[in-house]
Structure formats: structure tokens, C-alpha cells
Amino acid sequence: MAAISEKFLPARIVYRRDISEDLFILKVDPGAPFSYLAGQYATLGVELDGQRFERAYSLCSSPYEQQLEFFVERVPEGKLSPLLHAMHAGTPVLLRRFAKGRFTLDLRSGRKNHLLLATVTGVAPYVSYVRTIYRDWKNGGAPMPGEHRLCCLQGASLAHEFAYREELEKIAAEAPWLKYVPTVSRPWDNPDWGGEVGRVDDLIRKYVDLWKLKPEETTAYLCGHPGMVENGRGILLRAGWKKDALQDEVYFQTGA
Ligand SMILES: Cc1cc2nc3c(=O)[nH]c(=O)nc-3n(C[C@H](O)[C@H](O)[C@H](O)COP(=O)(O)OP(=O)(O)OC[C@H]3O[C@@H](n4cnc5c(N)ncnc54)[C@H](O)[C@@H]3O)c2cc1C
């Protein structure tokens with residue numbers, strides 16, 4: 001137990017919302033101060049029958065918020081995500097004391113545009129960027145050095161999987177520094193959908209042109225499904241992006 005408390009905080013689920021059969025939002029009270037940067041991830045875990053399962057989850061919340069928020073997909077054959085899926089408000093959860101990751105907003109290179117590409121839950125770090133910047137902006141503080149722009153393209157199979165659509169669209173309607181486009185890859189299963197259709201990787205060129213994003217002025221971020229990340233990187237490299245202007249966060253490996 002001593003080893004556990006050195007490494008983990010006494011965290012607890014305080015909120016849970018189902019988005020679809022396999023997608024859900026969890027809010028966690030860390031139980032003690034937990035500091036992180038927008039774009040980083042936390043490590044959640046569960047002990048079951050003497051075994052501990054731990055996985056990384058990007059933080060959707062802004063560091064300004066007291067509760068930590070996660071957007072999680074249940075992988076039916078997975079070890080940890082089905083256990084998290086079964087949790088409700090009040091359930092204790094293991095939370096590693098330190099956030100990790102370098103998938104933070106690039107404010108050092110001088111590039112003022114940020115192309116944010118995501119599949120489904122891969123939007124999480126971008127929600128954290130946007131919430132943080134929005135709060136600074138509303139409070140009249142300089143949101144970021146210079147005139148930065150965030151342009152987010154998020155893909156999902158079905159329209160109801162865009163858990164943060166309403167929030168991001170509302171901010172985009174108000175803030176000149178944010179653009180947000182959700183796109184569905186199975187329009188035939190979304191008869192009421194009037195928005196963009198196609199996979200994120202198939203739409204990168206279109207939105208790079210539409211948003212007038214030039215490689216030398218734009219850092220591109222790719223987050224979520226490994227196929228989108230790999231294809232997206234290839235497309236951006238062929239369009240003139242240099243490797244150091246690309247950042248990615250791959251959520252899992254395929255074909256292992
Ligand atoms: C930095 C980082 C941040 C992450 N952030 C998030 C996040 O915000 N939300 C989130 O839901 N997940 C996130 N993940 C993925 C998460 O860490 C787990 O890998 C995922 O929840 C599956 O864990 P599991 O124990 O249920 O499955 P495992 O037992 O680890 O995996 C079982 C099998 O399923 C495959 N697999 C894993 N995930 C998927 C998937 N999504 N779709 C299809 N196959 C999969 C694995 O490759 C493996 O073959 C992140 C991963 C990393 C590295």
C-alpha cells in the first residue's frame with residue numbers, strides 16, 4: 001500500500017457521461033494537487049485480482065479546472081478501458097502523481113498557425129488547449145504570444161461521437177482564433193448529417209487550402225488512430241511540411 005500511495009493519488013470518479021455504446025466522458029477528482037500542461041496525459045489504473053492495469057489518457061480539461069476530464073473509448077477486448085467503462089461516480093481509480101507528454105501547443109517555433117487533426121477521442125488534448133486559451137482570452141490576458149490561430153479537423157464514423165462538438169462550435173463562433181470542422185466517415189449511417197463528410201486524412205489538403213495554412217507558418221498535430229496519424233504525416237510531408245513542424249500522439253498500435 002505504501003508503494004501505491006507514493007506513486008498514486010487517492011483519485012475518485014466524480015462524473016460519468018455516456019456518449020455512445022463505447023464512448024464516455026469521465027471526470028476525476030485527483031484527491032490532491034495535480035499539475036499539468038494543456039495537451040499532456042495522465043495515467044489511470046485499476047487493480048484487479050492482484051494485477052494492475054495502467055494506461056495513458058489525454059486530459060481534456062484545462063489546467064485551470066479542479067477536476068480532470070477524460071474522453072475514453074471502450075476497447076471491448078482491452079484490459080483497462082472496459083474496467084473504466086464500468087465505473088460510476090464514487091469509484092476510486094489509480095492516478096499516477098505526474099502528468100506526462102510533450103503534445104503541448106508549440107509556442108516556441110514562431111509558427112502562428114496550428115493545424116489540429118484528430119480521430120474521435122484524439123480531440124482530447126485540443127479541447128484542453130482551447131479551454132485554456134479561451135479562459136485566458138475571456139479574462140483579457142494575452143492568450144498566447146502573437147496572433148496564433150487554431151484550426152481543428154476531427155473525424156468520427158458517426159455524428160453523435162463528437163462529444164465536444166457543441167462546446168467547440170460555440171467557442172469557434174465567438175473566437176476569431178478557432179476553427180472547428182467535424183467530419184463523418186460513414187455519411188450513409190448519418191442521414192441527418194449536413195456537415196463535412198470523409199476521413200480526416202482525405203480532407204487535409206482541402207482544409208490546408210481553405211484555411212490558407214502554409215507549411216512554414218503552421219505546426220501540425222495529429223492525434224488518435226495510428227492509420228490517420230501515419231497517412232496524415234505522409235500527406236503533410238509531401239505538401240511541404242518539415243518533420244519538426246509535425247507533432248503526433250498515437251493512441252495504440254495496430255497489428256501487433
Ligand atoms: C499518450 C496516449 C494518450 C491516450 N489518450 C487516450 C484518450 O484520451 N482516450 C482513449 O480512449 N484512449 C487513449 N489512449 C489509449 C489508451 O491508453 C489505451 O490504449 C486504450 O484505452 C486501450 O486500453 P485497453 O487496456 O482497454 O486495451 P489493451 O488491452 O491495451 O489493448 C487491447 C488491444 O486493442 C488494441 N487497441 C487499443 N486501443 C484501441 C482502439 N482505440 N481501437 C482499436 N484497437 C485498440 C491494442 O492495440 C491491443 O491490440 C491514449 C494512449 C496514449 C499512448
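Strand β4 makes the greatest contribution to the shell around the ligand, supplying five residues, where strands (E, at least two residues) and helices (H or I, at least four) are DSSP runs numbered from the N terminus. The structure is a predicted model, in which local features need pLDDT of at least 70 and side-chain atom pairs count only at pLDDT 80 or more, while totals for chains, interfaces and linings use all residues. Residues are numbered from 1 along each chain as its sequence is written.

In total, 24 residues surround the ligand, and the closest are Arg55, Gly78, Leu80, Ser81 and Phe252; a residue is taken as near the molecule if its C-beta atom, placed from the backbone, lies within 6 Å of it. At least two residues of the shell come from each of β4 (51–58) and β5 (68–73). By residue class, the shell comprises 13 nonpolar, six polar and five charged residues, with Ala, Val, Leu, Ile, Met, Phe, Trp, Tyr, Cys and Pro counted as nonpolar, Asp, Glu, Lys and Arg as charged, and the others, Gly among them, as polar. Domain 1 (2–96) and domain 2 (113–250) each provide at least three residues of the shell, the domain bounds being from an automatic or database domain assignment.

Both β4 and β5 belong to an open sheet of six strands, which has the order β4-β3-β6-β1-β2-β5 and antiparallel pairing; two strands are considered paired if DSSP finds at least two bridges between them. Because β4 and β5 stand at the edges with a single partner strand each, one side of each is left without a neighbour in the sheet. From one strand to the next, the twist averages 40°, with axes being lines fitted to C-alpha atoms (for helices over the stretch in contact) and angles running from 0 to 180 degrees between N-to-C directions. The partner of β5 is β2 (residues 23–29), to which β5 is joined by six bridges in an antiparallel arrangement, and within this pair phenylalanine 24 has valine 72 of β5 as its bridge partner.

The largest nonpolar core contains 68 residues, of which Leu59, Leu116, Leu117 and Val130 have the most contacts inside it. Such a core is a set of buried Ala, Val, Leu, Ile, Met, Phe, Trp, Tyr and Cys residues joined through C-beta atoms within 7 Å, and a residue is buried if 20 or more other C-beta atoms lie within 10 Å of its own, exposed if 12 or fewer, and partly exposed in between. Helix α3 (residues 124–138) gives this core its largest share, six residues. Since domain 1 and domain 2 both give residues to the core, the core lies between them.
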